[in-house]
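Trainee: I have a fold to go through. Can we take it one question at a time?

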Amino acid sequence: QHHEAEGLQTTLQEAREKHLTVSIAGKRHSMGGHTFYQDALVLDMTSFNKILAINSEEKTIKVQSGATWGDVIEAINPYNLSVQVMQAYNGFTIGGSLSVNVHESDPRYGSLIESVKSFTLLLANGTIVNVSRTENPELFGLVIGGYGMIGIILDAELYLTDNNIYLKEEYLI
């Protein structure tokens, strides 16, 4: 499944050999350019945009980190499912949102970390590890909200919820 990561592994090896700083980019909307450095090697993750699996019974989706929330929503709509947490704009990437640990305005859910089941991480040394609350748990909270400092998120499995339809009524007084 991670044969696509071989190019990233090779690039990271070259960056280590040339002592280059590496920046990770999705849609490049990080507020204030937190993840960009002068003369850095920029890894554009937007080609890692596949929906890998949808489990409608367990209400989960596994998606590559360069996919956008719009991609996720389009994929899960036929299952009558919805994301639990995302920011208001659906054009951000999953990896970018995980990297900054976005939050939702819905008081039922906290920040994005609450809806993450697991993710796959490419470490700077080229090793790929699975991360969850039980597998490599020391990395779980460091990577989500870690702005790419620990490694590159390759894909993530997120918890979903039912897609409820609300009717809005307004009354003039």
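Trainee: Where does Thr 60 lie?
Mentor: First, the ground rules. This is a predicted model, where local features need pLDDT of at least 70, side-chain atom pairs count only at pLDDT 80 or more, and totals for chains, interfaces and linings use all residues. Residues are numbered from 1 along each chain as its sequence is written, and side-chain values use heavy atoms, with hydrogens and water left out. Strands are DSSP runs of E with at least two residues, helices are runs of H or I with at least four, and both are numbered from the N terminus; Thr 60 lies in strand β4.

Trainee: Is Thr 60 buried or exposed?
Mentor: Buried means under 20% relative accessible area, exposed over 50%, partly exposed in between, with a 1.4 Å probe and protein chains only. Thr 60 has 3% relative accessibility, so the residue counts as buried.

Trainee: Why is β4 largely enclosed by the rest of the structure?
Mentor: Count its residues. β4 is largely enclosed because the buried ones number four of the five.

Trainee: Which residue stands opposite Thr 60 in β8?
Mentor: Strands pair if DSSP finds at least two bridges between them. β4 and β8 run antiparallel, joined by five bridges. In β8, the residue opposite Thr 60 is Tyr 159.

Trainee: Which residue stands opposite Thr 60 on the β3 side?
Mentor: β3 and β4 pair antiparallel over four bridges. They form a hairpin with four residues between them, and Lys 59 in the turn has a positive phi of about 60°. The residue opposite Thr 60 is Asn 55.

Trainee: With which side chain does the side chain of Thr 60 make a polar contact?
Mentor: A polar contact is a pair of N or O atoms within 3.5 Å; within protein, one must be able to donate a hydrogen and the other to accept it, and residues adjacent in sequence count only if both atoms are side-chain atoms. Thr 60 has such a pair at 3.3 Å, and the partner is Glu 157.

Trainee: How far apart in space are Ser 65 and Ile 94, C-alpha to C-alpha?
Mentor: Ser 65 sits in the loop between β4 and α2. At 4% relative accessibility, Ser 65 counts as buried. Its contacts (heavy atoms within 4.5 Å) include Met 45, Phe 48 and Ile 94. Ser 65 and Ile 94 are 29 residues apart in sequence, yet their distance in space is 5.0 Å.

Trainee: Which elements do the buried residues of α2 pack against?
Mentor: Helix α2 covers residues 69-76, and its buried residues are Trp 69, Gly 70, Val 72, Ala 75 and Ile 76. They pack against β3, β4, β5, α3 and β8.

Trainee: Which residue is the bridge partner of Leu 121 in β7?
Mentor: β6 (residues 116-123) and β7 (residues 128-132) run antiparallel, with five bridges. They form a hairpin with four residues between them, and Gly 126 in the turn has a positive phi of about 95°. Leu 121 has as its bridge partner Val 129.

Trainee: Is Leu 142 buried or partly exposed?
Mentor: Leu 142 belongs to helix α4, residues 137-143. Its relative accessibility is 48%, so Leu 142 counts as partly exposed.

Trainee: What pattern does the protein chain follow along the sequence?
Mentor: The chain has four helices and eight strands. Of its 173 residues, 39% count as buried. Read along the sequence, the pattern is α-β-β-β-β-α-β-α-β-β-α-β.

Definitions and conventions:
Lists of a residue's contacts leave out its neighbours within four places in sequence.
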